Amino acid sequence: MTTDLKKDAPPIQIRNLHKYFGELEVLRGIDFDVSFGEVVCLLGPSGSGKSTLLRCVNKLEEPTSGHIFIEGIDITDPETDVDAVRTRIGMVFQQFNLFPHLTVLRNLRIAQRKVLGRATDEATRIAEEMLERVGLSDKVNEHPARLSGGQQQRVAIARALCMNPDMMLFDEPTSALDPELIGEVLDVMRELAEGGMTMLVVTHEMGFALQVADRVVFMDGGVIVEQGPPSQVLQNPTHERTRKFLRAIEIE
Amino acid sequence: MKRSTRQKLIRYSLYGVLILGVGLFALLADWARIARSFFNLEIAADMFPEILTTAARNTIMYTALAFTFGFILALVLALMKLSSIKPYRWLAITYIELFRGLPALVTIIFVAFAIPIAFPGVSIPGGALGQGTIGLGIVAGAYMAETIRAGIEAVPRGQMEAARSLGMSWATAMTYIILPQAFRIIIPPLTNELVLLIKDTSLFFVLGTTPASKELTKFGRDLMNSKFNGTPLTVVALVYLAITLPLTWLVSRLEKRTAAAR
């Protein structure tokens with residue numbers, strides 16, 4: 001199923017994307033690409049549509065109109081097998097969303113087994129490898145409830161990585177964490193970025209955006225207001241709305 | 001009078017009324033007759049072992065069959081009620097409201113007698129009792145469907161989203177992620193449902209039975225009539241309690257454990 005994906009096509013291409021929630025237009029014409037190996041941070045005030053945009057990319061939200069191409073495949077085409085495309089896209093949620101009834105190992109194994117059809121041995125090996133990557137090898141048999149928020153989020157990242165995704169989406173991955181646990185998650189994300197993973201990250205972590213992102217996209221009111229290298233957008237923004245947002249963040 | 005003194009007086013007089021009531025009952029009751037009519041050991045001993053090997057066994061078997069049938073029905077109904085296809089939702093809602101609104105006895109008689117009259121060719125294994133079991137399962141399905149639906153809805157939305165974003169189909173996510181969590185939530189209410197069902201099999205006393213197919217209530221009632229004595233019903237009541245009380249106790253333990261886990 002995944003072999004017919006065109007690997008040479010850009011990971012994400014979005015064309016004239018609109019999304020309504022009832023009468024409310026939360027995305028008002030988004031055009032936006034992410035290229036191979038690029039790390040893009042999406043910033044903006046709450047209600048700006050950045051999370052909705054991210055969730056449209058793996059079709060957790062159904063776009064109202066427009067097109068989204070994942071590695072050249074139009075996921076807005078009703079003929080597209082979205083489940084197959086989703087295996088190419090790792091997703092990390094604000095609330096971690098680990099499966100509480102399964103141990104860490106089973107959390108990491110279940111989609112490998114049921115979606116990719118990997119044998120248990122192979123799935124276990126890959127799960128252990130990914131756990132080591134996020135530094136949690138000793139938690140393999142724990143249940144998620146026994147882990148700290150930071151550990152849970154690292155397991156969630158490992159779970160996504162087990163599917164060998166071509167790109168990763170992060171939806172405010174550190175917003176639900178106590179301040180002292182944010183660093184360990186950002187470290188894992190930084191390592192991923194350095195390893196060449198294509199990443200689209202909704203975040204309020206300015207430091208992370210400044211250091212790790214190749215590009216920062218500022219959204220407000222359902223449109224992209226400005227984008228560019230982090231140093232430019234974060235330190236020398238051209239739009240008044242961006243400046244206002246950055247001032248408000250700094251005061252926090 | 002001081003407030004505390006008054007409260008003490010009220011308390012003492014409440015105890016007084018209680019002691020007086022119990023005492024009067026103990027004095028006036030015809031204990032010999034009560035013992036003879038409800039606790040006749042000879043009649044009680046006569047009921048064994050049939051009450052366990054036949055009657056209790058049948059009660060448990062009818063309950064198990066009705067519960068299994070009802071559970072499968074309930075699972076389908078719950079998923080229908082959560083379906084995005086409106087006619088499925090309407091169908092499920094109609095079914096659930098209909099069979100929760102009717103007395104179970106009406107449904108049982110309907111399936112056991114009215115349908116065979118209408119369609120004489122149709123035969124269900126187990127005769128009237130097999131049909132009664134199906135009738136009871138139909139009712140149980142309506143109640144359990146609401147329990148299962150509530151359990152599925154109690155699983156956070158993010159669980160389905162996480163499963164789908166890993167590439168799982170809706171059915172795979174439901175089977176391996178949502179339902180296992182939902183069932184953990186609904187084990188206590190489902191066990192309650194089982195207790196209700198055990199008691200509801202007593203409604204089968206209206207169905208024609210052979211000696212081998214009697215459940216507890218019918219067994220006790222027939223003996224009561226033939227011996228002209230209430231003891232068989234007392235023994236039957238005790239056997240019911242021996243089955244239901246451990247289950248109720250289990251439910252309250254499970255509920256405490258779930259509450260502690262939160």
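In the predicted model, the interface between the two chains brings 18 residues of chain B into contact with 22 residues of chain A. About 1,700 Å² of area is buried between chain B and chain A, and carbon and sulfur atoms contribute 62% of this area. Two salt bridges are counted between the chains. In one salt bridge, A:Asp83 is paired with B:Arg164, with 3.2 Å between the closest N and O atoms.

Within chain B, helix 6 (residues 104–118) and helix 7 (residues 127–154) cross at roughly 140°, their axes coming within 8 Å. Helix 6 of chain B is therefore oblique to helix 7 of chain B, and the crossing is right-handed. From helix 6 of chain B, the contact involves B:Ala104, B:Thr107, B:Ile108, B:Val111, B:Ala112 and B:Pro116, which meet residues of helix 7 of chain B including B:Ala128, B:Gln131, B:Gly132 and B:Ile134. Classified by residue type, this contact between helix 6 and helix 7 of chain B comprises 10 nonpolar and four polar residues, with no charged residues.

Within chain A, the axes of helix 5 (residues 149–161) and helix 6 (residues 179–194) lie 8 Å apart, and the two helices pack at an angle of about 20°. Helix 5 of chain A is therefore roughly parallel to helix 6 of chain A, which helix 5 passes in a right-handed crossing. Residues of helix 5 of chain A, among them A:Gly149, A:Arg154, A:Ile157 and A:Leu161, meet A:Leu181, A:Glu184, A:Val185, A:Val188, A:Met189 and A:Leu192 of helix 6 of chain A. The contact of helix 5 with helix 6 of chain A contains seven nonpolar, four polar and two charged residues.

Notes: Residues are numbered from 1 along each chain as its sequence is written. Chains are lettered from A and ligands numbered from 1 in the order in which they are written. This is a predicted model: local features need pLDDT of at least 70, side-chain atom pairs count only at pLDDT 80 or more; totals for chains, interfaces and linings use all residues. Side-chain values use heavy atoms; hydrogens and water are left out. Axes are lines fitted to C-alpha atoms, for helices over the stretch in contact, and angles run from 0 to 180 degrees between N-to-C directions. Helices (H or I, at least four residues) and strands (E, at least two) are DSSP runs, numbered from the N terminus. Angles under 35 degrees count as roughly parallel, over 145 as roughly antiparallel, 65 to 115 as roughly perpendicular and the rest as oblique. A crossing is left-handed if the near helix is turned anticlockwise from the far one by less than a right angle, and right-handed if clockwise. Contact means heavy atoms within 4.5 Å. Ala, Val, Leu, Ile, Met, Phe, Trp, Tyr, Cys and Pro count as nonpolar, Asp, Glu, Lys and Arg as charged, and the others, Gly among them, as polar. Buried area is the accessible area (1.4 Å probe) that two parts lose on being put together, summed over both. A salt bridge is a side-chain nitrogen of Lys or Arg within 4 Å of a carboxyl oxygen of Asp or Glu.
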